[in-house]
Amino acid sequence: TVDALGHNWNESEVITAATCISEGQTKYICTECSETNIETVDALGHNWNEGEVTTEATETTTGLKTYTCIVCSETKTEEIEKIIEDDKNLDVQQLP
């Protein structure tokens, strides 16, 4: 009997590139028998920047911080809580 040689896969070929939100596919072809193997590549996920305050918070309104993916430019926002102002009119007595 002759033992099977096994597959000898060539360098991969990207069929569909993975993106931040979508899976991709990579194809391999056996150099011995031409069998094709297609593998799924996981979505990459977003790569968010440090974010930028796009609306300042005040004592009466919340603000917004906007983040942008450095790969695909998608944006997301995060609420910034209202500013809590210390009571400046409070008469504080200093203890001796």
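**View 1. Glu-13, a partly exposed residue of the predicted model.** Glu-13 has a relative accessible area of 42%, so the residue counts as partly exposed, falling between the limits of 20% and 50%. The model shown in this and the following views is predicted. Glu-13 belongs to strand 1, which covers residues 13-16.

**View 2. The salt bridge between Lys-27 and Glu-13.** The closest N and O atoms of Lys-27 and Glu-13 are 4.0 Å apart. The two residues lie in distant parts of the chain, 14 residues apart, with Lys-27 in strand 2 (residues 24-29) and Glu-13 in strand 1. Lys-27 has a relative accessibility of 23% and is therefore partly exposed. A search of the whole structure returns one salt bridge.

View 3. In general, the strands of a sheet pair through backbone hydrogen bonds, in either a parallel or an antiparallel manner.

**View 4. Pairing of strand 5 with strand 6.** Strand 5 spans residues 63-68 and is joined to strand 6 by six bridges. The two strands run antiparallel. Within this pairing, Lys-65 stands opposite Glu-78, a residue of strand 6.

How values were computed
Residues are numbered from 1 along each chain as its sequence is written. This is a predicted model: local features need pLDDT of at least 70, side-chain atom pairs count only at pLDDT 80 or more; totals for chains, interfaces and linings use all residues. Side-chain values use heavy atoms; hydrogens and water are left out. Two strands pair if DSSP finds at least two bridges between them. Helices (H or I, at least four residues) and strands (E, at least two) are DSSP runs, numbered from the N terminus. A salt bridge is a side-chain nitrogen of Lys or Arg within 4 Å of a carboxyl oxygen of Asp or Glu. Buried means under 20% relative accessible area, exposed over 50%, partly exposed in between (1.4 Å probe, protein chains only).
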